Amino acid sequence: MAEEFDQSFKELEQTVMKDMEQIYSEKTIDHFLNPRNLGQIPAPDGFGRIVGGCGDTMEIYLKVRGDSITNASFWTDGCGPSIASGSMVTEMAKGNSVREAQKITQQDILDALGGLPEESLHCALLAADTLTEAIKDYLGLKKEPWKRAYKGRQDCTRRQCDSKT
Ligand code: FES
């Protein structure tokens, strides 16, 4: 019985994978199934949170040293393509200067992923916009560093604290 179940499960898995391969590039599937940089960075130097038109949310956390993004992570409650886009955009931002990361566009993410279907193009836009927001946050805090004192607490109350209720 258990063997039959295992076999059926494997077959189902293979069917799902085949269906996905019809729709998404190999790279998108890889980033969707093995997302890089998933999760929060405590006390980020930059934080962006955007709710897209589809109702899904993305958050991006940045650590910056000098003018370099030394670490970047993301979180989303969105679809597979949004996970792949968040994973890819944080990979693209990491190790880059803030100025270079500011130039990352929806199209850059799409190119890096090998494209997305028409109905998922906005998922890459959500990732690009969230990165822009996180960079804006970093630059704002750089200009007004005293805001850092309460900023971390604000970020905590946005999602972490919501999810505990
Ligand atoms: Fe909402 Fe992909 S459908 S981010």
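Analyst: Axes here are lines fitted to C-alpha atoms, for helices over the stretch in contact, and angles run from 0 to 180 degrees between N-to-C directions. The model is a predicted one. The helix to look at is H3, residues 80-93.

First, the setting. The protein has eight helices and three strands, and from the N terminus the elements follow the order α-α-β-β-β-α-α-α-α-α-α. Of its 165 residues, 35% are buried. Among contacts with a separation of 6 or more, 62% are between residues 24 or more positions apart.

The three strands make an open sheet in the order S1-S2-S3, with antiparallel pairing. S1 (46-51) and S3 are the edge strands, each pairing on one side only. On average, neighbouring strands of the sheet are turned by 15° against each other, direction ignored.

S1 and S2 are joined by six bridges in the antiparallel sense. Two positions show this pairing: Phe47 has Tyr61 in S2 as its bridge partner, and Arg49 stands opposite Glu59 in S2. Five residues lie between S1 and S2 in their hairpin, and Gly55 in the turn has a positive phi of about 95°.

The other pair is S2 (residues 57-65) and S3 (residues 68-76), which run antiparallel and are joined by eight bridges. Here Arg65 has Ser68 in S3 as its bridge partner. The hairpin of S2 and S3 has two residues between the strands, and Gly66 takes a positive phi near 65°. As a general point, side chains in a regular strand alternate between the two faces of the sheet.

Now H3 itself. H3 lies across S2 and S3 and runs at about 170° to S3. Helix H6 (residues 121-143) also packs on the sheet, where H6 touches S1 and S2, and the direction of H6 makes about 140° with that of S1.

The length of H3 can be checked. At 1.5 Å a residue, its 14 residues should span 20 Å, and the end C-alpha atoms are 20 Å apart, so the two values agree. After H3 comes Gly95, which has a positive phi near 85°.

How many of the 14 residues of H3 are buried? The number is 12, so H3 is mostly covered, given that a residue counts as buried when 20 or more other C-beta atoms lie within 10 Å of its own. Among the buried residues are Pro81, Ile83, Met88, Val89 and Met92. What do the buried residues of H3 pack against? Their partners are helix H2 (26-33), S2, S3, helix H4 (98-101), helix H5 (106-113) and H6.

The axes of H3 and H6 come within 8 Å and cross at roughly 40°. The contact is made on the H3 side by Pro81, Ser82, Ser85, Gly86, Val89 and Ala93, and on the H6 side by Cys123, Ala124, Leu126, Ala127, Ala128 and Leu131. The crossing of H3 and H6 is right-handed.

To put it together, H3 lies across S2 and S3, is mostly covered, and crosses H6 at roughly 40°.

Technical notes
Residues are numbered from 1 along each chain as its sequence is written. This is a predicted model: local features need pLDDT of at least 70, side-chain atom pairs count only at pLDDT 80 or more; totals for chains, interfaces and linings use all residues. Two strands pair if DSSP finds at least two bridges between them. Helices (H or I, at least four residues) and strands (E, at least two) are DSSP runs, numbered from the N terminus. Two residues are in contact if their C-beta atoms, placed from the backbone, lie within 7 Å. The expected span of a helix is 1.5 Å times one less than its number of residues. A crossing is left-handed if the near helix is turned anticlockwise from the far one by less than a right angle, and right-handed if clockwise.
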